[in-house]
Each structure stands twice: as structure tokens, then as C-alpha cells.
Amino acid sequence: MLELMPLFLFLGVGLVLLAGYPVALSLGGTALVFALVGNWFGLFDPAFIAALPNRIYGVMTNETLIAVPLFVFMGVMLERSQVAESLLDTMAMLFGPLRGGLGISVTLVGMLLAASTGIVGATVVTMGLLSLPTMLRRGYSPGIAAGTICASGTLGQVIPPSIVLVLLGDVLSAAYQQAQLDMGLFAPETVSVGDLFVGALIPGLVLVLLYLLYLLGVAWLRPEAVPAIPKSERTIAPGVLWRRVLLVLLPPLLLIVAVLGSILWGVATPTEAASVGAVGAMLLAWSRRRLDLGTLREVMVQTTNVTSMVFLILIGAALFSLVFRGFGGDELVTELLSGLPGGTLSAVALVMLVMFLLGFILDFIEITFVVVPIVGPVLLGMGLDPVWLGVMIAINLQTSFLTPPFGFALFYLRGVAPPQVKTGHIYRGAIPFILIQLLMLGALALWPQIATWLPGLVYS
């Protein structure tokens, strides 16, 4: 009976989530009920629950997690300063003469917003509201337009400074140390959020390049699906256009360089870089005359809401993991993954498949806080590189959020798409980008150096 309790615990959480209860309360509440029942029947030691205050104190004193509200503030402030609108308009003028130019513009702006905000839902909704009507009016295929917006919006999962990478980096750091202690290494090496940022940079940029190559391929094979803007509508002079490109593009690029550059060059930790980003976003909003007390209040309220949600889920996940370990769940997972035929390869494939499926019903925060602490020490104990594993998880979740019929990005766009864009259009449009994501995952699996080379170079 005791061996099956971890499975029953997972099943119980799933049923409570399907009933519509909030994730944080579902995790914590279900774990408490199982702990009480287990204690009643002598199957659970309540000493595991006694460790919860120390876990919460550890969260409160964790400097890395301070980056979360700062990056959220930065993203929301940039959203309020309407940077996306200016970027889209300017990029559309720049690439408009090309077939597929609007799609290229959306992809590049999505990349910049991902590197500036790191908030997937906000990016997809913003891009959907601003660019989808324009693309449809220019004669774009609804599927290609919708797929481009969804895929570009999810780049915030993997292009730093992504909130996903901040949370993953913190959890993987603890898992890596635990894995080394389990192996008898009492002077363990560390992995940081900065390592994960640097490791995700090349895979993220390669994904953007593959998206652009796909759009160029569509423009060559099906020019009617991605038409260029007619010459009669391109009235702006070249000199004026390039000045506008510099004025609109330079401030966000400088902000990205300030945030990422300070991490890459070792000048600042990710938390310190996040504070630079938050101040830079305020200066950018002020320069665009979008910063006032009303805007600041809205940004702070939304930042508080998102941050509170993240930390409440973290507390619920901490309680869940303690109860899961109290029932022997970590030993069960270790035996399961270690006993698979095929060894490490099979273990990684199974974990990635489970995370991919969980991405249909859970957000990245719950998966990061619940699943990664359970499977991370086992996988890292098999000799896997923590940076490579973190980048694989991020891209895997990005793929899950794009996959019909449950992908979160598809639902975000469906909520703001005009009536002529059907759900089938969105699903079909996402499929080529899913294949690109899977190609990227396969390339990372075959050549881990795509993720590990740059961190080794920067931090050597």
C-alpha cells in the first residue's frame, strides 16, 4: 500500500485540478489530506511536515527569486509603454516590400519582446491584438498568421531573461547539489541562473532563425499566402524610415544589452541585472511619455498579482514535495528511471514526454516547482549536464504550449482573434512550428554543445 501512495497523491492532485480549484491550493490541500490520512494509518511520518517552515524561510531568503518580481515589473512596464506597437509598425515598413515580410516582422518583434519581457501570455495577446488584424487585411493565410504569432509569443520561454529560466535555474541548482551529495561529493559544483541564461541564448536564436527560414520557404512556395505590402502603400522615404528604425529599435536593444550583457560579462548577477531592467523599462516608458502615477500603480498591482501567484504555488509545491518524499516517492522515481531499459536515454525521453503532457494542463511554474525537484536529482545523478537539461526542459515546455488541442499559447490567441480566424486555422498554423521545435529538441539531444559551449566559454 505504501508503495502506491505517491501515485495516489499525483492522481488526487490531478482530480482536484480538474475540479477547477487553484493550483497552489490544490497542491498544498491535497498533500495535507494525504498526510493526515497517512499519519492516521501509520504510513506517514509527520516530521516531514515540520520541515515546511524551513522551506518557506529558504524561499524568503533566496536572492535569486527576487529576480522574478523585477523581471515581471520590467515586462509589464514595457507592455504599458506600447513598445510592441511601435516595433511592429516600424518593422512592417522595413520588411513590407518582401513576401512574408509581415511574418518576419512579427517573428523579430516577438524575439525582442521575449528578450525584454519573458511573459508568454502577455506577448501572445499583445501580438495577436496588434498584428493579426493587419496580417489578415494584407491577405495573409489565417493559419500562417496565427501560427507565426503563437510561435513568436512562446519564444519568451527560452530566450533570456525568461522567468522560466529564472525559476528553472533556481530549482536545478538545488537538484544538482542534491545529486552530487547523493553521489558522495561533499564539495559540490554549482549551476546558476546566469549559466542557464547563457546556455539558452544560442538555441533561442537558432529557433528564431528556423522560424524565419520557414516563412521564407512559404513565401517562395506559396507567395499568395504571405503577400508583400503593395508599393502604393509604402509612402515613407528611405531616410525617414531608417531614422525611425533607429529611434524605435535602439532603446529596447540597449535595454536587452544592459540586462544580458551585465550577466554575460560577469558585472551583475541575474537579480541585479533584473533591477537594471526594471529601472531601464521605467526610463523607456518615461522617454515615450507613458510613465505617470496611474501607469506605475497598474504595473505594480499586476506585478504583485503575478509574483504572489508564483510564490503561493512555490509554497504549495514545497508542501507537496515534502509529503511525496514522506511516502517514499523519491525512491520510487529513482527506481523507475534507473531501471528503464536503455538507461539514461530512456529516462530522459520518459521525463520529457511526461513534462510535455503535463504542459497541456499545468503552467510552467507548477511543472518547474513540482516535477523538476523530483526527477532532477535522479537525471543529474546519471551524469547529465544541468545547463543542457534546463534548456531541454524549457524548449520542451515551449513545444507543449504550442501543441493542439491544449496548448496555452493557442488559447491565448483564440481569446483575442477575430471571428474569421477559426480554431482549426490556429491549430493547423501551429503544426509547422511544432515540427521546428521538435527538430531543435532533436538537435540538442544529439549535440548538447549547442547549449553547453557558450557557458563554458563565458565562465571558463
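## Charges and ground rules

Lys and Arg count as positive here and Asp and Glu as negative, with His and the chain ends not counted. Each charge is placed at NZ of Lys, CZ of Arg, CG of Asp or CD of Glu. On that basis, the mean positions of the 18 positive and 21 negative charges of the protein chain sit 24 Å apart.

A word on the model: it is predicted, so local features need pLDDT of at least 70 and side-chain atom pairs count only at pLDDT 80 or more, while totals for chains, interfaces and linings use all residues. Residues are numbered from 1 along each chain as its sequence is written, and side-chain values use heavy atoms, with hydrogens and water left out.

## Overall build

The protein chain has 21 helices and zero strands; these are DSSP runs (H or I of at least four residues for helices, E of at least two for strands), numbered from the N terminus. The C-alpha trace spans about 80 × 45 × 45 Å along its principal axes. As for the radius of gyration, a compact globule of 460 residues would come in near 23 Å, and the chain's 23 Å agrees. That radius is taken over C-alpha atoms, and the globule rule is 2.2 Å times the number of residues to the power 0.38.

Of the 460 residues, 52% are buried, meaning under 20% relative accessible area with a 1.4 Å probe and protein chains only (exposed is over 50%, partly exposed in between). Among contacts (heavy atoms within 4.5 Å) with a separation of 6 or more, 81% join residues 24 or more positions apart.

## Two buried threonines

T271 is found in helix α12, residues 270-287, and is buried at 16% relative accessible area. A polar atom of the T271 side chain lies 2.9 Å from the backbone oxygen of E63. Beyond its neighbours within four places in sequence, T271 touches E63, T64, I66, A67 and L70.

T307 belongs to helix α13, residues 293-326, and is buried too, at 12% relative accessibility. Its side chain reaches the backbone oxygen of T303 at 2.7 Å.

## Helix α17

Helix α17 covers residues 372-381, and nine of its 10 residues are buried. The buried set is V372, P373, I374, V375, G376, P377, V378, L379 and L380. After α17 comes G383, with a positive phi near 100°.

Methods: Polar contact = N/O pair within 3.5 Å; in protein donor to acceptor, adjacent residues only side chain to side chain.
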